[in-house]
Amino acid sequence: MTDHTPALAAFDAAISKAKSAEEAFRALQDLARAVVGAKLFTVMLVDMEAELSRRAYTSDPVSYPTSGTKPLNYGPWFDIVHGKREFFVANTIEDIAKVLFDHELINSLGCQSVVNVPLILKDELVGCMNLLDVAGHYTPERLQTIRDVLLIPAKLAVLAARG
């Protein structure tokens, strides 16, 4: 079992100093990259009442800029992440292509696997942490590490980003 204490200590120091959403989510990105890896890392925040989402953070602002809101996209992916509040995992570009319209861009960035992690606060979906990497990257062991090590820091980062 890997000792994630140094990565968690670095996250704690960074989140304690974060004065902006950008700094809070960068701290989370650094933790995610240290413990499970993510070539591409984004955070989407959602307003379920207004049925809108927005990309609040991105590790690749050229390909995936933070910008305005967009309507929620209902379908199989939504049912898993938003409805069941479960991770969506795809470890091949073919599986990504079945649910994500931007699969060609994802593939062009060297990413063929994804895990979308729902973020729940006060029994409400508030966002989704998205980690993408090479094909086959999100193994059962890495998914367990996300559950064990990243879920609470992700929620803390959302709260810190909100001010």
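Mentor: Two strands pair if DSSP finds at least two bridges between them. Helices (H or I, at least four residues) and strands (E, at least two) are DSSP runs, numbered from the N terminus. This is a predicted model, where local features need pLDDT of at least 70, side-chain atom pairs count only at pLDDT 80 or more, and totals for chains, interfaces and linings use all residues. Residues are numbered from 1 along each chain as its sequence is written, and side-chain values use heavy atoms, with hydrogens and water left out.

Trainee: In what order do the six strands form the open sheet?

Mentor: Strands of a sheet pair through backbone hydrogen bonds, either parallel or antiparallel. Here the order is β3-β2-β1-β6-β5-β4, with antiparallel pairing. β3 (70–71) and β4 stand at the edges. Each has a single partner strand, so one side of each lacks a neighbour in the sheet.

Trainee: Over how many bridges do β2 and β3 pair?

Mentor: Two, in the antiparallel sense; β2 covers residues 52–58. Leu52 has Pro71 in β3 as its bridge partner.

Trainee: Which strands does helix α6 touch?

Mentor: Contact means heavy atoms within 4.5 Å. Helix α6 (residues 140–162) packs on the sheet and touches β1, β4, β5 and β6. Its direction makes about 55° with that of β5. Angles run from 0 to 180 degrees between N-to-C directions; axes are lines fitted to C-alpha atoms, for helices over the stretch in contact.

Trainee: At what angle do the axes of α1 and α2 cross?

Mentor: Two packed helices are described by the angle between their axes and the distance between the axes. The axes of α1 (residues 5–17) and α2 (residues 21–35) cross at roughly 175° and come within 8 Å. The two helices are therefore roughly antiparallel (over 145 degrees; under 35 is roughly parallel, 65 to 115 roughly perpendicular, the rest oblique).

Trainee: Which residues of α1 meet α2?

Mentor: Among them are Leu8, Phe11 and Ile15; the α2 side includes Leu28 and Leu31. The contact residues divide into eleven nonpolar, no polar and two charged. Nonpolar covers Ala, Val, Leu, Ile, Met, Phe, Trp, Tyr, Cys and Pro; charged covers Asp, Glu, Lys and Arg; the others, Gly among them, are polar.

Trainee: Where is Lys122 found?

Mentor: In the loop between β5 (113–121) and β6 (124–133). Lys122 has a positive phi of about 50°, although it is not a glycine.

Trainee: Is Lys122 buried or exposed?

Mentor: Exposed, with a relative accessible area of 86%. Buried means under 20%, exposed over 50%, partly exposed in between (1.4 Å probe, protein chains only).
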